[in-house]
Amino acid sequence: MTSKARILVVDDEAGIRQTLRGILEDEGYSVTTAADGVSGRALMSSDEFDLVLLDVWLPDRDGLELLSELRDGRFTTPVIVISGHGNIDTAVKAMRIGAHDFLEKPLALNRVVVSVENALERYRLEQEVKELSNRLEPERHLIGDSEPMRKLGSDLELAARAESRILITGENGTGKELVARRVHSLSRRSSRAFVEVNCAAIPEELIESELFGHVKGAFTGASGNRRGRFEQADGGTLFLDEIADMSLATQAKVLRVLEEQRFERVGGSDPIDVDVRVLAATNKDLEGDELPAGRFREDLYFRLAVIPLHVPALRERHEDIPALVDHFMKRFAAEAGRRPKAVGAAALERLVAYSWPGNVRELRNLTERLMIMAPGKAVGLADLPPRIRGKGVVAPIEDDYASLKEAREAFERLYIERRLIAAGGNVSQTARDLGIDRRHLYRKLRAYGIDSGRGK
């Protein structure tokens, strides 16, 4: 744990509080103290600590009861219980409730330091596991409770239990890969490989080698045998993303593999048998455009589309946007080691009303930008890009700023935006109106993310 770890000491004895504060601050920790359970509980509710040292005998309540209450409330911060009347039963009860350690008074100071270091290290590791879990979360869950998403989730669960092939359709950025991974995770193949191929990203001259592998000497640069994606996915799931970008010649070869579950590597003659469940996805209209135009084989389409799943565009499920914003904000905050930023009502209203041509991917990218770049602890209307908050619309000052500094910065940004619009986007004129140097104004524009072309 870093030297900036924050520790709360809850003990009714002033001498113990003073002693623990002294030795822990000497170790580089930040220490806060409380003399009773009520004030200690209030501090835990209003602030964040990395560790709590909690006495069993407090003047206003039992420390173990407080610990039990904390654990029932999903308080995950490690707690070390200390007591001057310790016995084996008390220690066992404390550990069962969820204490990291149990220390008896008089305290052995070296023992305290070691216990604190161990507890903080364990907490750090638990947080890393939690952050990793957050990163993997999109691969396991679909976010949203709208009617289109409930239907997709229900259909997906039924389809996942079967072995049938699935064709996933939807616009770019809707989360087709997420649906494919969800199908795999719910299938009987979940313990085996999930292999993805982006058919649009692989040059035509390499796609066969990528899918089926090759033998040494099959072509220039083939210096050894190579397993293809079908082999890599044997026993598991192969996800062919953007399948409509595959050439007709390659489509014919994929169709043969689907029919026979057998193929040869490029340049080879030995047949290779595989057991692969194929999921495919496309953002194109196969039935309406690609099949009539002859760009996609009808027989392959019917092989792939045994079970069709359609992922709705974000504009078709606006009610899911608040949950998605909350999910992404928490995820990016965890990755950055920071607290998630709240989103003000006015800003959230605009996010819900926006059409999202880039779908969930666009929302995800914007949320990441807001988590990193929005200056305050809350995202206001002024933090949104003009395309979302509306051209020529200047955000009002909101009243949910956490400090005078944040409110002052918000006002300065608003004032500069209004002056820039009044000057028709002329930066030099705006600088003269504000009475500051033009270079200084450019620095302000960059710092606040203000488009210098506003008002033109």
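Predicted model: local features only at pLDDT ≥ 70, side-chain atom pairs only at ≥ 80, totals over all residues.
Let me start with strand β7, residues 194-198, which pairs with strand β10 in the parallel sense over five bridges, where strands are DSSP runs of E of at least two residues, helices are runs of H or I of at least four residues, both numbered from the N terminus, and two strands pair if DSSP finds at least two bridges between them. Residues are numbered from 1 along each chain as its sequence is written, and side-chain values use heavy atoms, with hydrogens and water left out.

Within that pairing, Val-195 has Leu-238 of β10 as its bridge partner, and Asn-198 has Asp-241. On its other pairing, β10 meets strand β13, residues 277-282, again in the parallel sense, over four bridges, and here the partner of Leu-238 is Val-278.

These strands belong to an open sheet of five with parallel pairing, in the order β7-β10-β13-β6-β14. The edges are taken by β7 and by β14, residues 307-310, each with a single partner strand, so one side of each is left without a neighbour in the sheet. Neighbouring strands are turned by 20° against each other on average, direction ignored, with axes taken as lines fitted to C-alpha atoms, for helices over the stretch in contact, and angles running from 0 to 180 degrees between N-to-C directions. Helix α6, residues 147-161, lies across β6, β13 and β14, and runs at about 150° to β14.

Leu-238 deserves a separate word. Leaving aside neighbours within four places in sequence, Leu-238 is in contact (heavy atoms within 4.5 Å) with residues including Val-197, Arg-229, Phe-230 and Leu-279.

Arg-229 itself is found in helix α9, residues 229-232, and counts as buried because its relative accessibility is 18%. Its side chain makes a polar contact with the side chain of Glu-210 at 2.6 Å; such a contact is a pair of N or O atoms within 3.5 Å, where within protein one must be able to donate a hydrogen and the other to accept it, and residues adjacent in sequence count only if both atoms are side-chain atoms. Not counting residues up to four places away in sequence, Arg-229 also touches Val-195 and Leu-211, among others.

Turning to the nonpolar core, meaning a set of buried Ala, Val, Leu, Ile, Met, Phe, Trp, Tyr and Cys residues joined through side-chain atoms within 4.5 Å, the largest has 32 residues, of which Leu-211, Leu-238 and Leu-240 touch the most other members. Elements giving two or more residues to this core include β7, β10 and β13, while α10 gives the most, with four.

Conventions. Buried < 20%, exposed > 50% of the residue type's maximum accessible area, 1.4 Å probe, protein only.
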